[in-house]
Amino acid sequence: MTRIVYNTATTLNGFLADDADSLGWLFAVPGAPEAADDFAGFLAGVGAFVMGATTYEWVWANDEEANPGSWAATYGSLPCFVVTHRPLPTPEGADVTFVRGPVAEWVEAVVAAAAGKDVWIVGGGDLVGQFADVDRLDEVRLSVAPVVLPSGRPLLPRRLEADRLRLEQVRQRGQFAEIVYRVSPRG
């Protein structure tokens, strides 16, 4: 059964990126490659992924534009859905679909594209919140870094109470704490 999973790194105080949408803080953490060891295993269970326009633009500018072919090396031929209201570039050979509007209007297309595997919500936090708002978020998987930022892009700018979150796993991965919560529907 397809699950919709938010898998991301976050600072200790709950930011995904700094005020300039940079992830430089993440790559400066000693042991980050060790913490990423399990990513290939996670990605093997993913059938499609979703990201907002800001996340997509960051990936484009910092990966694909700087290192052509990096998209294919990281994501292969996985279907990607990008939520945007403006035209954006597409990596050569990538399966990218641009969507707009409420999550409820296009989420079934994403689930169908995943072909029974998981859907990975890459980011950002508000997009994840939109999935939670319509009870289409099944798991939150966080890699908490030993970094504190004074401000930035919040992890999930929504209120999710303890009655909807069940702790499934905690483990150390290098300097990161990996925390996994199952998300229950409202009510």
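Mentor: Let us begin with Gly124, which is found in the loop between strand S6 (118-123) and helix H7. The labels follow DSSP runs, numbered from the N terminus: helices are H or I runs of at least four residues, and strands are E runs of at least two. The model is predicted, so local features need pLDDT of at least 70 and side-chain atom pairs count only at pLDDT 80 or more, while totals for chains, interfaces and linings use all residues. Residues are numbered from 1 along each chain as its sequence is written, and side-chain values use heavy atoms, with hydrogens and water left out.

Trainee: Which peptide bond is cis, and what is its omega?

Mentor: Most residues other than glycine have a negative phi, and most peptide bonds are trans. Here a cis peptide bond links Gly123 to Gly124, with omega at about 5°.

Trainee: Where does Ala115 lie, and what is its phi?

Mentor: Ala115 is not a glycine, yet its phi is positive, at about 50°. The residue sits in the loop between H6 and S6. Ala115 is exposed, at a relative accessible area of 65%; buried means under 20% relative accessible area, exposed over 50%, and partly exposed in between, with a 1.4 Å probe and protein chains only. Asp21, in the loop between S2 and H1, likewise has a positive phi, of about 65°.

Trainee: How do H6 and H7 pack, and at what angle?

Mentor: Two packed helices are described by the angle between their axes and the distance between the axes. Helix H6 (residues 103-114) and helix H7 (residues 125-133) pack at about 90°, and their axes are 10 Å apart. The axes are lines fitted to C-alpha atoms, for helices over the stretch in contact, and the angles run from 0 to 180 degrees between N-to-C directions. H6 and H7 are therefore roughly perpendicular; angles under 35 degrees count as roughly parallel, over 145 as roughly antiparallel, 65 to 115 as roughly perpendicular and the rest as oblique.

Trainee: Which residues of H6 and H7 meet?

Mentor: From H6, Val103, Trp106 and Val107 are in contact with Leu127, Gln130 and Phe131 of H7, where contact means heavy atoms within 4.5 Å. Five of the residues in this contact are nonpolar, one is polar and none is charged. Among the buried residues of H7 are Leu127 and Phe131, together with Gly125, Val128, Gly129 and Ala132.

Trainee: How many salt bridges does the structure hold?

Mentor: Side chains of opposite charge can pair when their charged atoms come close. The structure contains 15 salt bridges, each being a side-chain nitrogen of Lys or Arg within 4 Å of a carboxyl oxygen of Asp or Glu. One of them joins Arg153 and Asp21, at 2.5 Å from N to O. Arg153 is in strand S8 (residues 153-154) and Asp21 in the loop between strand S2 (15-17) and helix H1 (24-27), so the pair ties together parts that are 132 residues apart in sequence. Arg153 is partly exposed, at 40%.

Trainee: Which residues are linked in a network of salt bridges?

Mentor: Such a network links Arg3, Asp118, Glu139, Arg141, Arg171 and Glu178.

Key:
Nonpolar A, V, L, I, M, F, W, Y, C, P; charged D, E, K, R; others polar.
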